[in-house]
Amino acid sequence: MRETYRVLPVWAGDVSGIAGALYEFGGMTVIHDPSGCSSTYNTHDELRWYREPSNIFISGLNMKDAVLGNDERFIRDILDAREGLPSRPQFIALCNSPVPWLNGTDFEAIAGILERKSGIPSFYVPSNGCHDYARGAGLAWQKLLQKFVGNRKTAALEDENRESTEQAAEKGGGREAESDDAVSVNVLGMMPLDFAAEGSVLSLEGLLQRNGFRIRTCLALGDAAGLRCLPDCTRADVSLVLSKAGLLPAMYLRDRYHIPFVTGVPLDDEDDPVLKRLGGMRPESALGETERTEVSRDPRPPVIFLTEPVLGASLASLVRRRTGRKTIVIDPLEADPLIRIPGVDAGLFGEEETETFLAQFPDADLVCDPMYDTILPDPERTRRIFLPTLALSGRIYREHFVNYFERGISDRLLGALTSG
Amino acid sequence: MPDTRNTPEGGQNNIIRIRDAKAGRTFPWGLEYNCPVHEHWNIVHTGMLIPECHQIYICTDNCLRGVIMTAVEMDAAARISSVMPDEAEIFNGRLEEITIRGVSDVIRKLPKRPRAVQLFPVCMHHFIGCDMRYIFDQVEREFPEIDFMECFMDPIRQKLTTTPEQRQRYQMMKVLAGEKGPEDPSKVSILGENLRVRDSDFMEILQREGIRVMQVQDCRNYDEYLAMGQAFLWITKSPLSKYGLEKAAALAGRRSLYLPAAVTYEEIDGQLRDLLHLICEASGRSPAEAAEKLDTWIQEQRALTENAFRKAREILGDTPIVADYICEPRPVGFARILLEHHLNVVRILADQISPEESEDLEALRNSYPDLELMSSSASDSLYERERFAARYGGCRSEAGNSGGAESKILAVGPKASFFTGSPYFVNAIEADGATGYMGIRHMLHLMCEAFREPKNPEIVTGKGLGLPGVWEADGGGHMIGRAVFLA
C-alpha cells in the first residue's frame with residue numbers, strides 16, 4: 001500500500017520548504033497550524049534556527065476557532081506580533097497545515113487584509129501539509145518573485161535594478177557591480193534542505209567564477225543582499241536550477257522575462273555538462289540526454305541514484321561519462337505534471353514502491369541517503385554511497401553533509417564507486 | 001488578560017511581573033514562537049517506554065515527519081510506522097478507509113507482531129468527523145491478539161480540553177486494568193513517569209516499609225509491564241498523568257495517589273503522611289507507630305535540606321537565577337522556596353501557571369511582586385536572547401563561551417539556558433526524576449555543579465534528554481560494511 005511507511009521517514013513537507021525558502025529574506029512567515037509544523041521544521045528541517053533565527057511563527061490554531069472560522073483572531077494575532085518585532089518585516093507570508101485547508105480558509109483574502117492594514121506586502125503560499133518541501137519552496141519563491149518583481153513595469157524595474165546594484169556595491173552587501181564580461185546567473189533552488197554543508201555557497205560562487213560566471217541572484221541561501229536585490233534577477237543571462245525546488249521560479253522567469261534556464265548541479269569536472277550548457281545558455285537543456293542516446297553495454301550492475309532528482313541526474317551524468325556504467329536516476333519526491341527534470345528515469349513515491357524497485361537490483365551500487373538502508377533486503381550485499389540530506393535524514397548525519405561544489409568532489413564520488 | 005504594559009521592556013507580550021500574573025491562561029494567546037530547545041519528551045518518547053509496543057501515526061507529511069524523526073533520532077525507527085493519506089483521499093471522504101487499511105498493512109509488514117500498538121489519528125480526523133470508534137473497532141477485530149491504545153496526536157484540541165499527552169498516558173495505564181490479576185499489597189507501581197523516579201522521599205518511605213516498587217523503566221517485556229497492574233497502589237507525580245491515573249485506577253479498582261512535585265515543607269510532609277496512611281490501610285497495620293517514625297525521619301530531612309540551602313548560598317551568593325518549567329515541573333513553587341532561602345531568582349520561565357501553584361503564586365505576589373515571569377512561546381520571545389544579553393551583559397551563548405564572572409547567570413533548565421545564553425546551566429528535565437526533600441537537595445546539588453562547570457549551550461537542541469540517541473552511536477552505528485559517506 002503506497003500510503004504506508006513501515007520504517008522509512010517521509011521527506012520534509014511543504015511547510016518546511018516554504019519556511020526554509022523564505023528564511024533569509026527579512027520577512028515574517030506565519031504557519032496557520034495548531035502546533036506540530038513549526039516544531040518539526042525547526043527541529044529536523046532547519047539548521048539555522050539556533051544561531052540565526054528568522055521571523056517564523058505559528059498561529060496555535062485551536063478547534064473552536066477552526067470550526068467557527070475565526071479568521072479575525074488570526075489576522076489580529078499577526079498584526080500584534082508584527083508590532084513586537086524589532087524591525088518592520090519586508091513581507092508577511094502565510095502558509096498552513098491540513099485543517100485550515102479543509103475548512104476553506106481564504107488565505108488570499110487574509111493576505112489582502114493584512115497588506116491593507118499593515119502596509120506590508122503580504123502573500124499566501126498555497127500549502128496544506130500534504131506535499132513535499134520541493135513544491136513548497138518552489139511555490140514560495142515563485143510567489144516572492146511575483147510579489148516583488150512581477151508587478152513592476154519594465155522601465156521602473158530597470159531603474160530600480162540599476163539603483164539597487166549600485167547601492168549594493170557601495171555597501172558591499174550585494175553582488176559585485178557589473179564590470180566584466182562574465183555571464184550572469186540566477187542560482188535557483190539553493191537551500192539547506194538540499195545543500196546543507198557549510199561553505200556550499202562560497203564553493204559554488206568559486207566554481208562559477210572559475211568558469212566565467214557571476215552570480216546575480218541566489219534563491220535563497222547566503223544572499224546578503226536579500227530582498228533588495230531580488231529585482232536584479234530579471235537582468236540575468238541565465239538561471240541555474242540546482243534542485244527541483246528551483247524549477248518553478250525558473251519557469252516563472254523564463255515565461256515572464258525570457259530568461260533561459262539550465263537544470264543541474266555543476267560539479268568540479270572539466271567536462272561538466274551543466275557548466276558547458278550554462279555557458280551556451282541553451283534553454284532547458286536536458287542533463288544526461290547526450291549520454292543516454294546510446295544504450296550502455298557495460299556488463300557491470302547499474303548505479304542507482306536515489307536522491308534529490310536534480311542532484312541525482314547530475315551525479316549520474318558524471319558516472320556515465322567517466323566510467324561508462326549504466327545509471328538509474330530515481331526521483332523520490334512527489335510527481336508534478338508541470339515539472340520535468342532532465343535525466344530522471346523514474347519517479348518512485350513512498351516506501352513500498354521504492355522497496356520493490358530496489359529489490360530488483362540486489363547487486364547494484366546505490367547512491368542515497370543513509371535512511372534507505374532500512375528498506376534494503378540485504379544492505380551488506382549492496383555498495384552504498386551515502387549522501388545524507390537534511391530533507392530526509394534531518395540533522396542526524398550533519399557531520400557528513402556533502403559540499404557538492406567543492407574541488408575534487410567528482411573524483412571522490414568516482415573513487416568511492418570503485419573502492420572495496 | 002494580564003497587563004503587559006508594565007513589563008521591564010514595556011509593551012512586550014512575553015514578560016510580566018509576578019504581581020500581574022494569574023493561574024490558568026497566564027499569557028494571552030497569540031502567534032507562537034517555537035524555541036530550539038527540544039530536550040523535553042514528547043508523545044513518541046513516552047510511548048516507547050512500553051516494551052514490545054509499536055506506534056502508528058496517520059497524518060500528512062509535515063507533522064508525520066516530526067514524530068518519525070523523533071523515533072529515528074532515538075534509534076527507535078523500527079518501533080514506529082506511519083500512514084500518509086494523500087490530498088484526494090482526505091478530501092474525498094476516504095480517510096477512515098485509508099486509516100484502517102493502512103494500519104492493517106503496516107502491522108502485517110512488521111517483522112514481528114507487536115503485543116501492543118499505540119494508534120495516533122490526528123487533528124484532521126476530528127475535523128472531518130471520522131468515526132473513530134469504527135476505526136478502532138475494525139483494527140481490533142482484525143488483530144484481536146494486539147492491545148490497541150487509542151492515542152491521538154491532535155494538538156488542535158489541547159488548549160480547550162485534555163492534551164494528547166494526557167490521553168496517551170491514560171491509554172498506557174488503561175491496559176493494566178484489563179489483565180491486572182489479584183491485588184498485591186506488597187507492590188506499588190509508579191506510572192506515567194518519563195524518567196525513572198530517583199532521589200525521592202516517597203521511594204525511601206516505600207523501601208523502609210518493605211514495599212516493592214515497580215517502574216516501567218525496569219520492564220523487559222510487555223508481560224512485565226502488564227504485571228505492574230497487580231500493585232495495590234498506583235502512584236504518579238506528573239501533572240500530565242493525573243487524569244489518566246485516576247481514570248485507569250478507578251477502572252482497575254486500585255488505589256491511586258497523585259504526588260505532584262511538592263516544594264514547601266508542609267506540602268511534602270502532607271504527601272508522605274497520605275502515602276503512609278494508604279500503606280497501613282492496605283496492610284491492616286496501625287498507622288500510629290509508623291507515623292511516629294515518619295515524623296522523626298521528616299525532622300532529619302528538614303535539617304539536611306536546610307543545610308543544603310546554606311551550602312548553596314555560600315556557593316551561589318547573589319548570582320541571578322533563571323528557572324524554567326522544563327527542568328522544574330513546579331517552577332513557581334520552586335522559585336518560591338529558593339527565594340525564601342535567599343537565593344536570587346530573577347525570572348521564571350513558564351508558558352502558564354498551573355492552578356496547582358495558586359498558593360505559591362500568591363506567596364510570590366505578596367513577597368516578590370517584581371519577579372519576572374516569561375513565556376517561552378510568545379512571539380516576542382524570538383528576540384528575548386538579545387534583550388536579555390543587552391540587559392545583563394556579556395552572558396552570550398556561543399558554544400564554549402564560559403562567560404565572564406560579572407555576567408554569570410545560573411540557568412536552571414535548558415530553556416533558561418537558551419533564553420539567557422548562559423553556559424552555566426542545569427541540564428535536566430522533570431526535576432531529574434527527583435522529588436520531596438531529597439529532590440530539593442538533588443536540585444541544589446545540580447545547581448552548584450552547574451555554577452562551577454560551564455556546558456555547551458547548544459546541547460539543548462537534542463531531543464528527549466536521557467534517551468539513547470543515534471548520535472552517540474557515531475552517526476548511526478548500525479551502518480557498517482560496504483557503506484561509505486562521501487564526506
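This is a predicted model: local features need pLDDT of at least 70, side-chain atom pairs count only at pLDDT 80 or more; totals for chains, interfaces and linings use all residues.
Residues are numbered from 1 along each chain as its sequence is written, while chains are lettered from A and ligands numbered from 1 in the order in which they are written. Local features need pLDDT of at least 70, side-chain atom pairs count only at pLDDT 80 or more, and totals for chains, interfaces and linings use all residues; side-chain values use heavy atoms, with hydrogens and water left out.

Chain A contains an open sheet of four strands in the order β7-β6-β8-β9. Its pairing is parallel. Strands are DSSP runs of E with at least two residues, helices are runs of H or I with at least four, and both are numbered from the N terminus. Two strands pair if DSSP finds at least two bridges between them. The edges are β7 (213–219) and β9 (261–263) of chain A, each pairing on one side only. The twist averages 30 degrees from one strand to the next. Strands β6 (residues 183–188) and β8 (residues 238–241) of chain A pair in the parallel sense over four bridges. Within β8(A), A:Ser239 is the bridge partner of A:Asn186.

Helix α9 (residues 200–210) of chain A lies across β6, β7 and β8 of chain A. Contact here means heavy atoms within 4.5 Å. The helix runs at about 145 degrees to β7(A). Axes are lines fitted to C-alpha atoms, for helices over the stretch in contact, and angles run from 0 to 180 degrees between N-to-C directions.

Over all chains, the structure holds 66 salt bridges. Each is a side-chain nitrogen of Lys or Arg within 4 Å of a carboxyl oxygen of Asp or Glu. A:Arg322 forms one with A:Asp269, the closest N and O atoms being 2.4 Å apart. The pair links distant parts of the chain, 53 residues apart. A:Arg322 is in helix α13 (residues 309–323) of chain A, and A:Asp269 is in the loop between β9 and α11 (273–280) of chain A. A:Asp269 is buried at 12% relative accessibility, whereas A:Arg322 is partly exposed at 41%. Buried means under 20% relative accessible area, exposed over 50%, and partly exposed in between (1.4 Å probe, protein chains only).

In chain B, B:Glu145 forms a salt bridge with B:Arg113, with closest N and O atoms 2.9 Å apart. B:Glu145 lies in the loop between α6 (132–142) and β5 (147–150) of chain B, and B:Arg113 in the loop between α4 (95–109) and β4 (116–120) of chain B, so the pair ties together parts 32 residues apart in sequence. A network of salt bridges links A:Arg2, A:Glu3, B:Asp86, B:Glu89, B:Arg94, B:Glu97 and B:Arg101.
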